[in-house]
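The following report is intended for a reader who is meeting this structure for the first time. Please consult the sequence and the model alongside the text.

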Amino acid sequence: MRSTSVTTRTLDRILIANRGEIALRVVRTVRDLGGTSILPYTPEDLMSPAAELADQAHALPEGSSYTDAAAVLALAVSTQADAIHPGYGFLAEDHDFARSVIEAGITWVGPSPEAMEALGDKMSARATAERAGVAPVPGITSPVTDPQTVIAFAAEHGYPVALKRTDGGGGRGITVLADDAEVRSTPAFGSAEAGGGTLILERFVTAARHIETQCARDSHGAFAVVSTRDCTLQRRNQKLLEEAPAPYLPEGLEARLEEASRRLLEAVDYVGVATCEFLLTPGGDLWFLEVNPRLQVEHCVSEEVTGVDLVEVQLRIASGGRLGEVPAPRGHSIELRITCEDPARGLAPSTGAITRLRWPAGPGIRIESGVVEGDVVTPMFDPMLAKIVVTGDTRDQAIRRARRALAETVVEGVTVCTGLHAHVLERPELTGPTGEGLLGVTTRWIENDVLPRLADPGAAGPAEAEPASASPRTRSTYVIELDGRRVSLTIPDGMLAPRGQRLGGALSTGRDRPMQQPLRGRGSSSRAGARAAGEAVGEDPTVIAAPMQAIVTRICVEPGQQVRAGDLLVVLESMKMENYVHAPADATVAEIPVSAGRTVSAGEVLVRMEQAVQPERAAQPGDATTTTPQEA
């Protein structure tokens, strides 16, 4: 399928509607091409690395943000931008914004608004895939509004099943149901109706690898898969480690992936770069998940194995140019997302000032980061600090280099997930060829196997209790000289001096400012996994406090309401993750000192309860007895 008309434009002035590491990434390519980069910024980003490197940086109006489409477009017009590159997040998938950009006579660096709409939510994406002859996960594409529809589907396809909000993303808005009783008692239908959302139904695939294709298609009809990628290592449907090309694929699968991806993009006359995502089951079934109509966080590994600058490709295609020849992948590349999350606490968020920061270097190492020492991590922003991209001639060499890179990485002041990466890169399930693929490594491997081991070091064995490269929690490391020998000393923060001080003088912590992308409302949590998401103060079960700094996104009860143990009280959100606060015992809600939309500190009271002594009663249909994730 070919577009009927192609107009070539010169794109010299590029406004980058983003911030953090992706804004810096695009700024660099624009400079390489000899163009002018224009960057909007909010007050907290005045001194950001991206703003410093951009050719022009302009303040957004007071009170505006990077999601303020009107303000961003007005800035593009006033600065005479030729094009707007949205990066990822924020406005990148807003088809109305894309349409407004085009109507203003500015080039949109991305697919057409019509293509974005066709791929924009789960229902339309399923319909597009079916029309293109690409099989999605078995399910019901039309809206699901009642439990009986779910029960009838499960009778044919089996449990578990997943109810998904069509406007959800990154794992949010997914309710997994294990039996008829859970279907009848789930609050998902009421939540969707109250929020104006729509639910679709799919079989929940419990064991699969996440395989994707980095694609590009130009306005002349040329199409290419730049590389495959494996993004199986995830938690809460958020990726942690990605690699290219995808290893140990069954014979003939690459051809199937390429053909399915071609059909998907041609079905909507897609022009630009895109990622097509699939699930690969142990039995060889390949199910379509979604198309991301933008650059992906993990695009770097595809660039490293092909030598292709995907941002340059985006700009060339947007100007009406031709895709050209794409080199075949060579070597192997692994991306480690370095996030402010604690592996020993189920990847709970960590906040605070970065008091020390050192990234690795050497052969095969690429760092993508928009932060510097002294930046402050807050719950208002995405937990990713950086991406460490490691490339080698072979997968084995890339893994060895990744281990070295982790050993060189130093992040202090906040807890990061390097200990998890160090652990999985020693696990034979991931690192050794099996003849049948990655043995036992599925999208649930991190949650079901890895995190429990890291949370219980004794169960993992002495060698796995604490990886040598794991960043210390609430501790800092100092270099001292002892009897003429250089040694490192690690002690709890604050033991010798206030946090941020160093022996022999104060450490300059630079500029205190929040960083990274704001929350896009993604992430989910189970009752079991969010056990600590609402904690009683001391031993008093009537006072429920926040276990971390977070945003109150929903209050599910009101004063005077009687609740039972396990009932949902409050939903908190911190660093892309929802944390559900449940009643610890039967009680009556006495007071709710917080309100939705407010940021609360760790230990701040969320709900005060009055103990309720209720007569015993027989179990009733619909009583909750499961720890399966439920939609708040």
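Arg444 is buried, with a relative accessible area of 19%; buried means under 20% relative accessible area, exposed means over 50%, and partly exposed lies in between, with a 1.4 Å probe and protein chains only. Arg444 is located in the loop that runs between helix H15 (428-431) and helix H16 (445-455). Helices here are DSSP runs of H or I with at least four residues, strands are DSSP runs of E with at least two, and both are numbered from the N terminus. When neighbours within four places in sequence are set aside, the residues in contact with Arg444 are Phe204, Thr206, Asn237 and Asp449, where contact means heavy atoms within 4.5 Å.

The model is predicted: local features need pLDDT of at least 70 and side-chain atom pairs count only at pLDDT 80 or more, whereas totals for chains, interfaces and linings use all residues. Residues are numbered from 1 along each chain as its sequence is written, and side-chain values use heavy atoms, with hydrogens and water left out.

## The chain as a whole

The chain contains 17 helices and 36 strands. It has 632 residues, of which 54% count as buried. Among the contacts in the chain with a separation of 6 or more, 67% are between residues 24 or more positions apart.

The accessible surface of the chain amounts to about 25,900 Å², and carbon and sulfur atoms account for 49% of this area. Accessible areas come from the Shrake-Rupley method with a 1.4 Å probe, and for residues only the protein chains shown count as cover.

Strands of a sheet pair through backbone hydrogen bonds, either parallel or antiparallel. Four strands form an open sheet here, in the order S6-S9-S7-S8, with antiparallel pairing. Strand S6 (139-140) and strand S8 (174-177) are the edge strands, each of them pairing on one side only. Two strands are said to pair if DSSP finds at least two bridges between them. S6 and S9 are joined in the antiparallel sense by two bridges, and Gly139 has Glu202 in S9 as its bridge partner. S7 and S9 run antiparallel and are connected by five bridges; the bridge partner of Val161 in S9 is Arg203. Strand S7 (residues 161-165) is also joined to S8 by four bridges, again antiparallel, and Lys164 stands opposite Ile174 in S8.

Helix H6 packs on this sheet and touches S6, S7 and strand S9 (199-203), its direction making about 55° with that of S9. Helix H7 (residues 147-157) lies across S6, S7, S8 and S9 and runs at about 15° to S9. The axes are lines fitted to C-alpha atoms, for helices over the stretch in contact, and the angles run from 0 to 180 degrees between N-to-C directions. S9 is largely enclosed by the rest of the structure, because four of its five residues are buried.

## Salt bridges

Side chains of opposite charge can pair when their charged atoms come close. A search of the whole structure finds 38 salt bridges, a salt bridge being a side-chain nitrogen of Lys or Arg within 4 Å of a carboxyl oxygen of Asp or Glu. One of them links the side chains of Glu130 and Arg126, at 3.8 Å from N to O. These two residues are four apart in helix H6 (residues 122-132), so about one helical turn separates them. Glu130 is partly exposed at 42% relative accessibility, whereas Arg126 is buried at 4%. Another salt bridge joins Glu259 to Arg263, with the closest N and O atoms 3.2 Å apart. Glu259 and Arg263 are four residues apart in helix H10 (residues 253-267), and so about one helical turn lies between them. Glu259 is partly exposed at 36% relative accessibility, and Arg263 is partly exposed at 37%.

The side chains of Glu591 and Arg608 also meet in a salt bridge, at 3.2 Å from N to O. Because Glu591 lies in strand S34 (residues 587-591) and Arg608 in strand S36 (residues 605-611), this pair ties together parts that are 17 residues apart in sequence. Glu591 counts as partly exposed at 38% relative accessibility, as does Arg608 at 33%.
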